[in-house]
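These are my notebook entries on a structure that I am reading for the first time. I shall record what I looked up, one topic at a time.

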Amino acid sequence: MNQLLWILLSLLLSSTALAQAYDIVVEGGRVIDPETSLDAIRNVGIQADRIAAISEFPLDGKLVINAKGKVVSPGFIDLHAHGQALGDMRMQVMQGVTTVLELESGVLPIGQWYSLLEQQQTPINYGAASAWTFARIAAFTNTDPSPTPAYFQDAQKLDEWRFDIASPEQFDRILELVEQGLDEGGLGIGINSGYAPGYGQKEYFALANLAAERGVATYTHTRYISNTEPRSSFEAIKELIGNSAITGAHMHLCHVNSGSLRDIHAILDMIEEAQAHGIKVTVEAYPYGAGNGVVGAAIFTTPDDWRERIDSDAHSFQLGADRLTEDEFADLQANAPGTFVTWHYLDETVPEDLALIDASVTHPAVSIASDSVFWAQFTDDGGVTFYTGDEWPLPDDVFSHPRSAGTFAKVLRSYVRERGLMSLSEAIRKMSLMPAQTLEDFVPQMRSKGRIQVGMDADIVVFDPTTVADQSTYENANQPATGVQTVLVNGEFVVRKSKLILDANAGRPIRREVR
Ligand SMILES: [Zn+2]
């Protein structure tokens, strides 16, 4: 090579080096990437919506975030997020969540739902599965589904879609509607079967077959939650595993904690055994001893011995800040069965109960998902409505389950820092990489999420490991998590200097290809 060429080449190289000022540099933080086992002080360079450099050496940035003493992690991915309004997303992002997916219930019609979300301010990424319950309601009521929680809530007054075997015509329409949701880009099939436990074996089997055929996962809230046989949690989860084993479908089990009640060890052992045999079952849990669902749900009304089966009475249920009396409970079940209530089935202050929750949360095969529920308010006439406004902080009178604002921060505070039940890297794996891996075979967008690596999406959370904490409680869930310094979604600030960016609209749809 002649000298002139060398000079030209070195000029070219130095000019590109000069031009290489990243849009944002996250400087000097402890970068944790569970996939590559990176856990070291690094500088992260972000160009547009991607991670462009990870270096031990200083990087030049148009904007530099000082992350010294902080942890830099992939943004958390919540596979189980019912709340998809602006306030729901804001409570999530304050604890470092950058993607919220409505998979367990799902929704229909999927195309309409994505259009609605596109018109809404979405600070974080979002997506949904095709909803079997919505299809079942539609088939049994001869209606067209509508992509709102109200469609599901209003149907709680009706019994047929919940307790009857589908006729051949209904069966066909259910499958058709679910498949239409997949054609419109749904992220798999949401099978919220606890709310319609009367389905036939053949129907669930057909859903698994459809998922296998289309190469997507199903997400099941199992039909029975009880430690009494028959109709036990064990039986329902075995049904799920059986369908996966026979059809080859990837079947995801939602909230193994609340789905197992006190039988968590036997159920986790069964799942381990299934996975060891190569059966494609994945699992999630949330770190609380209370669930949440509609008060008229099948599990709270049937069979006749339901109270003994789930060891609960009216006082186990909470609406707003208060536990219910028998009269209030009966009144809600009769007149407003679609009302979401919090259901206390384990007491986190009792060591044996806490150990059961811990068993599911810490199990290496279990990812963390919040099951976040809508922020709600009482209306003047004593009813309950969902808050969909844009006030921040959320209005004083809203309520929800504390998991809607605290799940991910609680894992970092309680399980990592205070009780040392898992390493920071393991917690981050369960909250970012594992959920991305759960979907990435059939949702290509997820292959570039859940990782801090060059070329990956700049969905990043920077938090203080010594202070990060959930603040939401059963008495007052309306308290955002603290200790998160920065959240970037697709390279844009959504949280900066621990403050929410009010006009952030960085979220993008997570969606499969539309047919
Ligand atoms: Zn559920």
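**Entry 1: two helices side by side.** I note at the outset that I am working from a predicted model. I began with helix H9 (residues 233-247) and helix H11 (residues 264-276), which pack with their axes 10 Å apart, at an angle of about 15°. Angles under 35 degrees count as roughly parallel, so H9 is roughly parallel to H11. I recorded the crossing of H9 and H11 as right-handed. I then listed the residues that make the contact: H9 supplies Ser-233, Phe-234, Ile-237, Lys-238 and Ile-241, and H11 supplies Ala-266, Ile-267, Met-270 and Ala-274. Sorted by class, the contact of H9 with H11 has seven nonpolar residues, one polar and one charged.

Entry 2: I turned to helix H7 (residues 168-183) and helix H8 (residues 201-214), whose axes cross at roughly 30° and come within 11 Å. H7 is therefore roughly parallel to H8. The crossing in which H7 passes H8 is right-handed. On the H7 side I found Phe-171, Leu-175, Val-178, Glu-179 and Leu-182 in the contact; on the H8 side I found Glu-203, Ala-206, Leu-207, Leu-210 and Arg-214. The contact of H7 with H8 divides into seven nonpolar, no polar and three charged residues.

**Entry 3: the sheet.** In what order do the eight strands of the open sheet lie? I read the order as E6-E7-E8-E9-E10-E11-E12-E17, with parallel pairing. Strand E6 (76-78) and strand E17 (366-368) stand at the edges; each has a single partner strand, so one side of each has no neighbour in the sheet. The twist from one strand to the next averages 30°.

I followed E6 to its partner. E6 pairs with strand E7 (residues 97-107) in the parallel sense, over three bridges. Ile-77 has Thr-99 in E7 as its bridge partner. I also looked at what covers this part of the sheet: helix H3 (residues 110-119) lies across E7 and strand E8 (125-131), and H3 runs at about 160° to E8.

**Entry 4: an enclosed helix.** Is helix H4 (residues 132-141) buried or exposed? I found nine of its ten residues buried, so H4 is largely enclosed by the rest of the structure. The buried residues of H4 are Trp-132, Thr-133, Phe-134, Ala-135, Arg-136, Ile-137, Ala-138, Ala-139 and Phe-140. Lastly, I checked what follows H4: Asn-142 comes next, and its phi is positive, near 55°.

Conventions. Residues are numbered from 1 along each chain as its sequence is written. This is a predicted model: local features need pLDDT of at least 70, side-chain atom pairs count only at pLDDT 80 or more; totals for chains, interfaces and linings use all residues. Two strands pair if DSSP finds at least two bridges between them. Helices (H or I, at least four residues) and strands (E, at least two) are DSSP runs, numbered from the N terminus. Axes are lines fitted to C-alpha atoms, for helices over the stretch in contact, and angles run from 0 to 180 degrees between N-to-C directions. Two residues are in contact if their C-beta atoms, placed from the backbone, lie within 7 Å. Angles under 35 degrees count as roughly parallel, over 145 as roughly antiparallel, 65 to 115 as roughly perpendicular and the rest as oblique. A crossing is left-handed if the near helix is turned anticlockwise from the far one by less than a right angle, and right-handed if clockwise. Ala, Val, Leu, Ile, Met, Phe, Trp, Tyr, Cys and Pro count as nonpolar, Asp, Glu, Lys and Arg as charged, and the others, Gly among them, as polar. A residue is buried if 20 or more other C-beta atoms lie within 10 Å of its own, exposed if 12 or fewer, and partly exposed in between; C-beta atoms are placed from the backbone.
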